[in-house]
Amino acid sequence: MNWPWRLIKKAARRALAGTSSCVTVVAILEARATYAEVPTVTNIFKPLSTPAQAIYEISLLVLAICAAIFLVVGGILAYSIIRIRRRPGDEGREPPQVYGSNQIELAWTVVPILIVFVRILATARTIYDVQGAIPPAEAINATVIGHQWWWEIRYPKLGIVTANELHVPVSESSNRKPTFLKLESADVAHSFWVPELAGKTDVIPNRENVMWIEPMQPGTYVGNCAEYCGLQHARMLLRVIAHPPGDFEKWVAAQREPAVDNLQVRAGRDVFFSTSCINCHAIKETKANGKFGPDLTHLMSRQTLGAGVIANTEENLRAWVRDPQHIKPGALMPNMQLTNDELDQVVAYLLTLK
Ligand code: CUA
C-alpha cells in the first residue's frame, strides 16, 4: 500500500537533498503515508454521515453559484479582452467614455444581494438542521477531550475511557443511532474533524462545544486535529470506528472489563507501578489513576500508538516506551530511562492490557 509514497519520498529526498524544505516535504509525505495505511478515503465529497451529507449538499449549491459567477465574470472578461482589444490605428485614441448607468448599477447591486440572500437562507437551514438536532433517546454520548497531541475519549454513561479511537454504532435508516459529542480541551485550542462524518468543530479550553456524527456504513473513518496546536499538530490523528449492529455492544462490554491481571507479567507490572508512569496514565481499578496521558486499561485493543503515528504492534510499543521523543518529538511523554530488562518487562505487561 505504501510503496508509491516510499518512491515519492525517495525522489523528494534526492531532488531536495541539502535543502531545508526537504525535511518539510518528507514530513508531509510521511504524514500522508500514515493515512495511506488506512482503508478509507478521507474526502469531504464522499459524505457517509448525516451532518456531513447536509454540509456536502450546501457546498454543492455554493460551488454551483460560484461556478456560475466565475463563468459570467470570466466570460465577460475574455470577451472584452478579445473583442475590444487594442488594434492597429488605435494609438492616441480613447474609447468612448461612459459616466454612470442606472441599469448597470442597479443590476450589479440587486443581483449579488439576491445571490447572497439565497445563500444565507440555504446556509441557515443547514446550520439549523446540523446544530439544532435533538439527540434521540438511543443516541450514544461521548466526551472528546483534546490534549497536546492526542484525544481522550470518555463515555460517561457507559463508564469507558479510551484514547484516539472513537467507537460508535453504525446508524441505519430504520434504527438511527447517532453519536453526540461534547468537545473539551485540556490545554490549547484544537479542532475535531473527520471529513466524511461531519464538519470541523473547534475544541477550546474552558468551553464546551457540541457536535454529532451518524455514520451510515461500518468502517474506519480517519480524522485529524484541524487547528494548529503546537509541534505535533499534524500527528494528532483520530479514528472513528463504526461498528455493525451488535458489534458495538461487544466492544462496550470488553471495554468495561477491568484490566487483566496476569501473574506471568508481575515483574513488568511492578516496574510500571514503581515509576512515575502512574502519575500520567490510568489503569482501571488499580492505583494508576493519572489523567495526563491516555488510559491504558485496554491499550492493546487500539490500532495505533501516539495518536495514529505508528501501528500498535509489540515492536512499535517497545520503541515507543523506550523513547517516545524519537517517534514523536515534543510529545509530553518523557523517555523513562528504563534498562533493557525493565523495558522488556514493562512491554510484556502492557501487551496483556487487551
Ligand atoms: Cu490539536 Cu492541532
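The model on screen is predicted.

**Whole chain**

Of the 354 residues, 38% are buried. Now display contacts between residues at least 6 apart in sequence: 63% of them join residues at least 24 apart.

**Colour by confidence**

Colour the chain by pLDDT. The average is 87, and 88% of the residues score at least 70. Which elements mark the two ends of the range? Helix α2, residues 20–36, has the lowest mean pLDDT among the elements, at 47, while strand β5, residues 179–185, has the highest, at 97.

Where pLDDT is low, the predicted coordinates should not be read in detail.

**A nonpolar patch**

Show the surface and select Ile44, Phe45, Leu60 and Leu63. Together they make a nonpolar surface patch of about 350 Å². Ile44 sits in the loop between α2 and α3 (50–83). With a relative accessibility of 43%, Ile44 is partly exposed, because that value falls between the 20% and 50% limits.

**The cis peptide**

Go to the loop between β1 (140–147) and β2 (150–155), where Trp149 is placed. The peptide bond joining Gln148 and Trp149 is cis, with omega about -5 degrees.

**Two positive phi angles**

Select Asn164, in the loop between β3 (160–163) and β4. Asn164 is not a glycine, yet its phi is positive, at about 65 degrees. Is this residue buried or exposed? Asn164 is buried, its relative accessible area being 9%.

Next select Glu285, in the loop between α7 (277–280) and β11 (304–305). Glu285 is another residue other than glycine with a positive phi, here near 60 degrees. Its relative accessible area is 68%, so Glu285 counts as exposed.

**Salt bridges**

How many does a search of the whole structure find? There are nine.

One of them joins Glu214 and Arg176, whose side chains meet at 2.7 Å, N to O. The two partners are 38 residues apart and come from distant parts of the chain: Glu214 is in the loop between β8 (209–213) and β9 (219–225), and Arg176 is in the loop between β4 (165–169) and β5. Glu214 is buried, at 0% relative accessibility, whereas Arg176 is partly exposed, at 41%.

Move to Asp261, which takes part in two salt bridges within one network. The Asp261 side chain meets that of Arg266 at 2.9 Å, N to O. Asp261 also pairs with Arg269, with the closest N and O atoms 3.4 Å apart. These bridges share partners and join Asp261, Arg266 and Arg269 into one network. What is the accessibility of the three members? Asp261 is partly exposed, with a relative accessible area of 43%, and Arg266 is partly exposed at 30%. Arg269 counts as buried because its 18% is under the 20% limit.

**A side chain to backbone contact**

Select Asn224 in strand β9. At 13% relative accessibility, Asn224 is buried. Display Met236 as well: the side chain of Asn224 reaches the backbone oxygen of Met236 at 3.3 Å.

**Last stop**

Finish at Asp323, found in the loop between α8 (314–322) and α9 (324–327). With a relative accessibility of 23%, Asp323 counts as partly exposed. Asp323 and Leu338 are 15 residues apart along the chain, and their C-alpha atoms are separated by 9.6 Å.

Technical notes: Residues numbered from 1 in each chain as written. Predicted model: local features only at pLDDT ≥ 70, side-chain atom pairs only at ≥ 80, totals over all residues. Heavy atoms only, no water. pLDDT = per-residue confidence, 0-100. Helix = DSSP H or I, 4+ residues; strand = E, 2+ residues; numbered from the N terminus. Buried < 20%, exposed > 50% of the residue type's maximum accessible area, 1.4 Å probe, protein only. Salt bridge = Lys/Arg side-chain N within 4 Å of Asp/Glu carboxyl O. Patch = residues over 30% accessible without salt bridge, like charges linked within 9 Å, V, L, I, M, F, W, Y side chains within 5 Å. Areas by Shrake-Rupley, 256 points an atom, 1.4 Å probe, with all protein chains shown as cover. Polar contact = N/O pair within 3.5 Å; in protein donor to acceptor, adjacent residues only side chain to side chain. Contact = heavy atoms within 4.5 Å.
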